[in-house]
Amino acid sequence: MRLALLLLAACGGAGTLPLAAAPVSALADVHADQVVTQGDVTYALGAQLAIARGGNVTTLVPVDCGTPTCPAHVWTSAAAIPALDGDGRWIVATRFDGTLWRIRLDGELEAIGTRFGITREPFRAVASAGSTVAVLLDRGLLVTGDGVHITRYDLDGTKASLAVAQDRIALASPNAISVWNLAAGTRRTFTIENAHAGFLDADGKAPRLVASSSRGIWIEHGAKLEPLEVGTVAASAIAGARLWLEVGKRLYVVTDTTPLDTTVASAGNEPMFGAPNGDVWVGDHGLRRYSLGASTGDPTWTAKIQPIFQRVCAHCHLPGGDADIDLSTSASWTLEHDEIVRRVLVTKTMPPAGTVLTDDDRGTLTSWLKP
Ligand code: HEC
């Protein structure tokens with residue numbers, strides 16, 4: 001019954017039904033200008049770099065800003081891009097001083113501007129989706145689809161923001177957003193003032209432009225930008241195919257056209273950062289991660305199994321993780337029940353060699369899987 005209600009709400013059939021979201025982890029005292037989530041690793045970039053797995057900060061290092069004190073906002077953009085050495089993805093970010101950095105898992109920073117052939121021009125923003133990477137300069141845009149061949153486009157003026165979807169680029173200037181379709185070689189302009197550009201479902205087959213400004217939010221439908229019927233939006237973030245909004249000190253989520261109340265209260269005007277799996281990080285001093293529908297799971301699973309999942313399986317089995325098999329909810333454990341029994345208890349091929357599952361944990365899994 002609960003599931004049926006949720007589905008109904010998710011389909012937008014009943015806009016007034018809440019779609020419950022729940023906190024899934026928290027990073028106390030962490031302040032971030034940018035947050036990038038990659039599998040179960042979160043990179044929170046501020047005057048300190050906080051790198052966390054789930055809710056545990058594993059690396060916390062101050063940033064050397066090259067000036068006596070760092071400015072209030074150190075990082076101007078950040079993205080997970082296909083690694084320029086061809087192995088996995090890199091977390092990269094642009095800084096207040098126009099430099100471009102790779103942020104390693106151990107908190108090391110590596111200046112990577114010269115890899116784009118740029119030595120003197122400042123970097124203003126970086127964005128990526130799928131295999132497409134775009135880097136914004138003051139008067140130019142660099143685009144690559146393979147990390148090797150880089151195309152430079154000259155721009156007629158300074159752009160306020162950059163967004164990327166697979167084979168698509170959006171550039172916002174003070175009076176319009178221009179969307180380039182790289183595969184088709186076409187460009188389209190939407191007249192809209194002082195808006196930021198983003199893409200819903202940027203990695204998917206049908207990415208949609210989202211324009212947000214202090215006056216409202218517009219989502220691309222067909223060839224048009226349609227305004228979203230909602231009150232004053234204090235903050236917004238795109239998380240995969242979802243748009244999260246803060247309206248009247250509450251979080252809302254938009255999956256199609258109807259904003260749905262998540263019943264989560266917020267402090268008001270808190271920055272928000274989307275994760276590719278649809279979750280959102282919220283907060284100014286201290287970040288909280290919210291997930292949709294997480295509160296509807298089986299409480300025994302949450303109490304007994306989820307901690308083991310977080311410790312042992314999460315770094316491969318989160319949505320979008322290396323294994324490509326999402327085991328982050330009780331529902332997925334129910335669906336995969338027989339396969340989990342076979343792989344974890346019978347053949348013992350999961351977790352793979354190199355990851356330890358203690359006898360205690362195996363005992364807990366056995367009693368939950370074979371009651
Ligand atoms: C180091 C990464 C890693 C860890 C840790 C890991 N897995 Fe996996 N798992 C994989 C990969 C990769 C696959 C897909 C390839 C395969 O089937 O071996 C997989 C497949 C599976 C499958 C088969 C699913 C199917 O439908 O074929 C199950 C079940 C599974 N894992 C359960 C678990 C559980 C439970 C844990 C934690 C106790 C765990 N795994 C920990 C990487 C991991």
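Predicted model: local features only at pLDDT ≥ 70, side-chain atom pairs only at ≥ 80, totals over all residues.
Me: Which residue forms a salt bridge with arginine 288?

Reply: A salt bridge here is a side-chain nitrogen of Lys or Arg within 4 Å of a carboxyl oxygen of Asp or Glu. For arginine 288 the partner is glutamate 270, with the closest N and O atoms 2.9 Å apart. Arginine 288 belongs to strand E28 (residues 287-292), while glutamate 270 sits in the loop between strand E25 (259-265) and strand E26 (272-274), so the pair ties together parts that are 18 residues apart in sequence. Strands (E, at least two residues) and helices (H or I, at least four) are DSSP runs, numbered from the N terminus. Glutamate 270, at 9% relative accessibility, counts as buried.

Me: How many salt bridges does this rule count?

Reply: The count comes to 16. One of them pairs arginine 95 with aspartate 97, at 2.7 Å between the closest N and O atoms. Arginine 95 is buried, at 5%, and aspartate 97 is partly exposed, at 34%.

Me: Which residues are linked in a network of salt bridges?

Reply: Look for Arg102, Arg104, Glu110 and Arg115. Within this group, the side chains of arginine 102 and glutamate 110 meet at 3.8 Å, N to O.

Me: How many residues surround the ligand?

Reply: A residue is near a molecule if one of its heavy atoms lies within 4 Å of it. For this ligand there are 18, the closest being Cys313, Cys316, His317, Arg343 and Met350.

Me: Where do polar side-chain atoms lie relative to the ligand?

Reply: Histidine 317 places one 2.8 Å from a ligand nitrogen atom. For glutamate 336 the distance is 2.8 Å, to an oxygen atom of the ligand, and for arginine 343 it is 2.7 Å, also to a ligand oxygen atom. Helix H2 (299-317) and helix H4 (337-346) are the elements that give two or more residues to the shell, and H2 gives the most, with five.

Technical notes: Residues numbered from 1 in each chain as written. Heavy atoms only, no water. Polar contact = N/O pair within 3.5 Å; in protein donor to acceptor, adjacent residues only side chain to side chain. Buried < 20%, exposed > 50% of the residue type's maximum accessible area, 1.4 Å probe, protein only.
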